[in-house]
Amino acid sequence: MNFTNLELHTESLPKVEDLDLKSISKSYFKIIILNQLALYAILIGLVFGVRYFIEKEEEVQLNLGYMLALVLGFCVVNFIISFLAFRKRKYAIREHDVVYSKGLIVHSVTTVPMSRIQHVEESRSWLARHFGLATLKIFTAGESGSDLSIKGLPHLEAKQIKEIISNKVNGSN
């Protein structure tokens with residue numbers, strides 16, 4: 001038996017930065033906004049709810065104003081970060097792998113080789129159905145749960161990608 005283990009020169013490997021990644025649907029940002037508005041309403045409701053459960057002292061009323069300002073500030077900053085992070089969600093389907101890039105503060109690029117994929121699922125929440133979107137979940141060998149979820153794909157595109165990956169995984173190109 002002749003064993004070889006040649007060194008790979010990283011300069012000759014394709015660079016992920018050169019890959020033309022496709023953005024997810026802009027409609028998905030609407031779902032993010034609706035989820036955040038629900039959270040913001042709960043937070044602001046809690047601030048106003050505290051007003052009725054605490055004695056009506058002048059000092060407490062002043063602190064509630066600061067609490068409301070703090071919550072509103074959090075909401076604005078959270079919204080801006082969510083928007084910027086949304087723009088970083090991108091994906092690519094290549095001949096031998098699936099690439100997904102996300103993250104604003106902590107940027108991550110996940111690459112799943114086609115040879116490791118066991119199966120693919122397409123799922124749609126009631127809100128995603130309303131906006132014509134779907135989530136593509138990719139499962140690999142030896143893991144529990146999906147290894148890669150691409151949220152915010154147009155429904156028809158998610159179906160097409162699922163078929164392409166399923167055909168590759170099942171060997172029928």
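Me: Is Ser101 buried or exposed?
Reply: Ser101 is buried, as its relative accessible area is 5%. Buried means under 20%, exposed over 50%, and partly exposed in between, with a 1.4 Å probe and protein chains only. The model is a predicted one, in which local features need pLDDT of at least 70 and side-chain atom pairs pLDDT 80 or more, while totals for chains, interfaces and linings use all residues. Residues are numbered from 1 along each chain as its sequence is written, and side-chain values use heavy atoms, without hydrogens or water.

Me: Which strand holds Ser101?
Reply: Ser101 belongs to strand 3, residues 97–102. Strands (E, at least two residues) and helices (H or I, at least four) are DSSP runs, numbered from the N terminus.

Me: What does the side chain of Ser101 make a polar contact with?
Reply: The partner is the side chain of His107, at 2.9 Å. A polar contact pairs N or O atoms within 3.5 Å; within protein, one must be able to donate a hydrogen and the other to accept it, and residues adjacent in sequence count only through side-chain atoms on both sides.

Me: And which residues does Ser101 touch, not counting those up to four places away?
Reply: Ser101 touches Leu21, Lys88, Arg89, Lys90, His107, Ser108 and Val109. Contact means heavy atoms within 4.5 Å.

Me: Let us turn to salt bridges. How many are found in the whole structure?
Reply: The search finds two salt bridges, each a side-chain nitrogen of Lys or Arg within 4 Å of a carboxyl oxygen of Asp or Glu. Glu157 pairs with Lys22, with the closest N and O atoms 3.0 Å apart. Because Glu157 lies in helix 4 and Lys22 in strand 1 (residues 22–23), this pair ties together parts that are 135 residues apart in sequence.

Me: How is each of those two placed, buried or exposed?
Reply: Glu157 counts as buried, at 16% relative accessibility, whereas Lys22 is partly exposed, at 42%.

Me: Which residue does Arg94 form a salt bridge with?
Reply: Arg94 pairs with Asp97, the closest N and O atoms being 2.6 Å apart. Arg94 is partly exposed at 30% relative accessibility, and Asp97 is buried at 11%.

Me: One more: what about Pro154?
Reply: Pro154 is part of strand 7 and is partly exposed, at 29% relative accessible area. Beyond its neighbours within four places in sequence, Pro154 is in contact with Ser25, Gly132 and Leu133. Pro154 and Tyr91 are 63 residues apart in sequence, and their C-alpha atoms are 13 Å apart in space.

Me: And Asn170, buried or exposed?
Reply: Asn170, in helix 4, counts as exposed at 62% relative accessibility. Asn170 and Gln118 are 52 residues apart in sequence and 9.1 Å apart in space, C-alpha to C-alpha.
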